[in-house]
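Please look through the structure below and keep it in view while reading. The paragraphs that follow take up the contact between two chains and then the fold of one of them.

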Amino acid sequence: MALQDLCGFKDSFLNSRWNFPASHRMAQEDTSMLFGKRTRDISSRGLSWSNSESPLHLYIPAAEYLSESPIQFGQINPNTAPYHITPLHQDSTLPFLSFPPGFPPSSSPSVPLPFPMSHGTTTLAFMFQGGVIAAADTRSSCNGLVACPASQKILPVHSHLVGTTSGTSADCALWKRILARELRLYQLRHGRRLSTAGAAKLLAHMLHPFKGTELCVAATLCGWDGGEVETCPLDRLYYVCSDGTRLQGALFSVGSGSPYAYSVLDGGVRWGLTVEEAISLAREAVYRATHRDAYSGNCVDVYHITSHGWTRRDREELREERLWRKVGQNLVLNLHLSCFL
Amino acid sequence: MEYLIGIQGQDFVLVAADNIAANSIIQMKQDQDKMFKLSDKILLLCVGEAGDTVQFAEYIQKNIQLYKMRNGYELSPKAAANFTRKNLADYLRSRTPYHVNLLLAGFDETDGPGLYYMDHLSALAKAPFAAHGYGAYLTLSILDRYYRPGGIPRSPSRLFTIPLFYCPPSPLSRFILNLPSFTVRLIDTEGIHDLEKLMPVGAKLLAPAPSS
């Protein structure tokens with residue numbers, strides 16, 4: 001199968017290191033090269049700075065569901081299946097992520113849409129003077145029901161590259177990991193990090209053979225090339241889609257809630273925004289989209305990418321915000337009424 | 001949705017393409033360049049299905065450059081057009097056909113200017129003027145009305161003043177879609193020249209995206 005060849009999964013059973021994941025994570029072997037086995041940074045997941053002094057240091061973050069062996073992804077290893085199903089998050093202090101083994105796709109709505117917008121999500125990303133902001137909701141839907149209200153749609157690829165995902169969750173998660181692997185290989189072979197433009201081109205070319213199949217990945221790659229000084233041109237934001245589109249731009253929103261988000265963003269995004277303004281604008285855009293779009297909702301994730309790498313804002317529940325706004329509106333209404341009396 | 005136009009003059013070829021990259025009802029990008037430089041004097045304008053355009057155009061572009069590296073001289077526009085047509089035709093009856101519509105414009109030292117029209121079924125025709133897209137329905141009749149082989153004015157702004165864009169009501173103002181800007185390039189004996197972007201009267205351009 002093309003995908004197995006690409007991922008090299010059929011070799012993984014022979015490699016003994018994969019067979020001893022979670023419980024044997026400590027020690028002797030060098031885990032710095034293995035994906036998904038970095039444990040030292042799990043406690044500081046909420047606010048992960050990357051200390052990259054030299055361009056060769058590539059910190060590959062392990063999201064919660066990657067803290068186990070990648071064999072979790074739909075394939076059962078007959079030797080260690082019983083170990084894995086139970087505590088997925090034994091080391092994690094962050095309870096929000098639930099990851100059932102057969103992750104249902106996030107698209108395929110049951111009501112016919114007026115036009116084909118089958119990516120059931122709202123993700124957005126834009127550039128400004130303080131770097132790049134990426135924001136997304138956290139609802140994964142499947143055939144009209146919410147499969148997971150707390151999924152993670154912004155996946156870090158490496159210390160200076162973050163990708164928002166839209167389309168089929170499983171496809172996006174898999175291809176992000178493949179991209180991370182290829183970027184790491186590039187870095188080892190060539191001694192420097194591949195630029196965001198290069199990463200976008202790589203992903204587009206990797207997805208091209210699957211064009212016309214059911215694979216559905218629509219990602220925006222947000223990254224920072226170079227070091228502290230802004231020497232490179234400002235192409236830090238790329239939109240890559242599995243139908244082959246690859247666009248460089250300063251503002252993108254992807255998903256079924258994207259038209260709502262676009263309207264809010266187009267009115268507010270300027271180059272001179274401060275970081276706080278940009279973050280609140282991103283949250284506002286996602287909030288408005290989740291208000292109107294049935295397939296977006298629950299919480300919002302915001303990532304901020306600068307020359308130091310990406311930082312993640314704590315996940316925020318939008319329901320409370322909605323309640324506060326309602327209370328605020330009622331207060332305003334009462335004030336108005338009291339003025340007239 | 002997308003629009004390409006090419007006009008051949010006595011000693012130049014003028015080509016223009018719109019700048020919109022769209023995804024269903026949303027304009028994702030308003031400054032997309034749909035022209036690919038195949039060589040110093042050959043431009044390929046490519047529209048069609050989302051990923052196929054860039055993939056096919058870059059494939060042709062790299063192969064033309066490879067030919068130059070291997071053989072030391074560049075392909076003529078006619079040869080490049082036929083090479084493109086052959087590739088498109090070969091892929092047409094495969095599992096992965098490329099759904100692209102092309103205009104190839106070039107200047108040859110011996111043959112002079114040339115404009116080649118190619119559609120997604122890999123039909124190739126050398127034409128004095130050509131257009132692709134829904135906008136073609138609106139503009140081809142104007143070109144038929146005003147085109148004279150020897151009489152195309154050298155200055156492009158005057159050319160476009162007469163039929164196409166500046167003179168309201170311009171034909172494209174009839175089009176239901178908003179195409180706010182067009183990239184214009186001119187190829188003559190000295191090579192490819194970038195002309196200023198055309199922003200037709202009455203078209204609305206979104207506030208420019210933030211840039212440094």
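A salt bridge is counted where a side-chain nitrogen of Lys or Arg lies within 4 Å of a carboxyl oxygen of Asp or Glu. In this model, which is predicted, the count between chain B and chain A is four salt bridges. In one of them the side chain of A:Lys211 meets that of B:Asp52, at 3.3 Å from N to O. Between chain B and chain A there are also seven residue pairs in polar contact, both residues being at pLDDT 80 or more.

On the side of chain B that touches chain A, the elements giving two or more residues are β3 (21–23), β4 (26–29) and α1 (50–71) of chain B, and α1(B) gives the most, with six residues. By class, this side of chain B has ten nonpolar, seven polar and four charged residues. The contact as a whole takes 21 residues from chain B and 25 residues from chain A, and the two chains bury about 1,800 Å² between them, 62% of it on carbon and sulfur atoms.

Within chain B, five strands form an open sheet in the order β5-β6-β7-β8-β9, with antiparallel pairing. Its edge strands are β5 (35–39) and β9 (124–126) of chain B, each of which pairs on one side only, and the twist from one strand to the next averages 20°. Seven bridges join the antiparallel strands β7 (residues 100–108) and β8 (residues 112–118) of chain B, and B:Ala105 stands opposite B:Leu115 in β8(B).

Helix α1(B) packs on the sheet, where it touches β5, β6 (42–48) and β7 of chain B, and its direction makes about 15° with that of β5(B). Helix α2 (residues 77–92) of chain B packs on the sheet too, touching β6, β7, β8 and β9 of chain B, and the direction of α2(B) makes about 160° with that of β7(B).

Note on methods:
Residues are numbered from 1 along each chain as its sequence is written. Chains are lettered from A and ligands numbered from 1 in the order in which they are written. This is a predicted model: local features need pLDDT of at least 70, side-chain atom pairs count only at pLDDT 80 or more; totals for chains, interfaces and linings use all residues. Side-chain values use heavy atoms; hydrogens and water are left out. Contact means heavy atoms within 4.5 Å. Buried area is the accessible area (1.4 Å probe) that two parts lose on being put together, summed over both. A polar contact is a pair of N or O atoms within 3.5 Å; within protein, one must be able to donate a hydrogen and the other to accept it, and residues adjacent in sequence count only if both atoms are side-chain atoms. Helices (H or I, at least four residues) and strands (E, at least two) are DSSP runs, numbered from the N terminus. Ala, Val, Leu, Ile, Met, Phe, Trp, Tyr, Cys and Pro count as nonpolar, Asp, Glu, Lys and Arg as charged, and the others, Gly among them, as polar. Two strands pair if DSSP finds at least two bridges between them. Axes are lines fitted to C-alpha atoms, for helices over the stretch in contact, and angles run from 0 to 180 degrees between N-to-C directions.
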